[in-house]
Amino acid sequence: MLPRLVRHGERLTGDHGHGEDLAQEALVKTYRAWLRLHPDGDAEAYTKKVMTRAAWRTGRQRWRREIPTDVLPDGRADDPYEPRDLARLVRATLRALPAQQRAVLLLRFWAGLTEQEVSTVLGCRVGTVKSRAHRAFTALRRPLADALAPAAPAHTRPST
């Protein structure tokens, strides 16, 4: 169960380490609330709901602990295929979205919930779910369209 929760947390936060932290915090909250839950309750579903709400709330708070940077101090060798790696591009683009937009996309399209179900899980209006999804799609379209556009040839041969 823990690996599934960490993957869910990674999708919500866009970072493996933050996903682990989110899963751990949610498991503690689930443990504390377990006696209030139905004895036959689904602990994993409850924990995922706790994680999603925590990620949603975190998106509203200002992040002051870390400063993101484009250049990593321990640089790695250049990968010529990296600009065309669609999976990496999608993950990076999703990571760049605000937490609330990422949570809506994850619940709506990864978990397969309806807009009404997403609004219930997140405790917001259906219109908020729709507007967050629309903004997320708008933000995702640009980088993905640029990456999928055919590359211009490096040089052309003169016609004979």
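View 1. Helices (H or I, at least four residues) and strands (E, at least two) are DSSP runs, numbered from the N terminus. Which residues of H1 are buried? They are Leu5, Val6, His8, Gly9 and Leu12. Seen down the axis of H1, these buried residues fall within an arc of 160°, so they line one face of the helix. The arc is taken from the directions that run from the helix axis to the C-beta atoms. An α-helix has 3.6 residues a turn, so residues three or four places apart point the same way. Buried means under 20% relative accessible area, exposed means over 50%, and partly exposed is in between (1.4 Å probe, protein chains only). Just after H1, Gly14 takes a positive phi of about 85°.

View 2. Residues are numbered from 1 along each chain as its sequence is written, and side-chain values use heavy atoms, with hydrogens and water left out. The protein has seven helices and zero strands, giving the pattern α-α-α-α-α-α-α along the sequence. Of its 160 residues, 27% are buried. The mean pLDDT (the predictor's confidence in each residue, from 0 to 100) is 79, and 78% of the residues reach 70 or more. Among the helices, confidence is lowest in H3 (residues 43-60), at a mean of 80, and highest in H6, at 91. Where pLDDT is low, the predicted coordinates should not be read in detail.

**View 3. Gly17 in helix H2.** Gly17 belongs to helix H2 (residues 16-33). With a relative accessible area of 28%, Gly17 is partly exposed.

**View 4. Helix H5 is largely enclosed.** Nine of the twelve residues of H5 are buried, so the rest of the structure largely encloses this helix. The buried ones are Ala99, Gln100, Gln101, Arg102, Ala103, Val104, Leu105, Leu106 and Leu107. Is Gln101 buried or exposed? Its relative accessibility is 9%, so Gln101 counts as buried. Gln101 and Ala133 are 32 residues apart in sequence, yet their C-alpha atoms are 6.2 Å apart in space. After H5 comes Gly112, with a positive phi near 75°.

**View 5. From the loop into helix H6.** Thr114 sits in the loop between H5 and H6 and is partly exposed, at a relative accessible area of 40%. Thr114 and Val126 are twelve residues apart in sequence and 9.7 Å apart in space, C-alpha to C-alpha. In H6 (residues 115-122), the buried residues include Val118, Ser119, Val121 and Leu122. They cover an arc of only 160° around the axis, which puts them on the same side of H6. Gly123 follows H6 and has a positive phi, near 70°.

**View 6. The second largest pocket.** This pocket has a volume of about 520 Å³. It is lined by 18 residues, and Glu10, Arg11, Val90, Arg91 and Leu94 lie nearest its centre. The elements that give two or more residues to the lining are H1, H4 (86-96), H5 (99-110) and H7 (126-148). Which element gives the most? H5 does, with five residues. By class, the lining has nine nonpolar, two polar and seven charged residues. Ala, Val, Leu, Ile, Met, Phe, Trp, Tyr, Cys and Pro count as nonpolar, Asp, Glu, Lys and Arg as charged, and the others, Gly among them, as polar. On a 1 Å grid over the protein atoms alone, a pocket is an open set of points where a 1.4 Å probe fits, with protein on both sides within 12 Å along at least five of seven lines, and lining residues have an atom within 4 Å of a point. Grid points are joined across faces, edges and corners, and a volume is the space filled by probe spheres set on the points.
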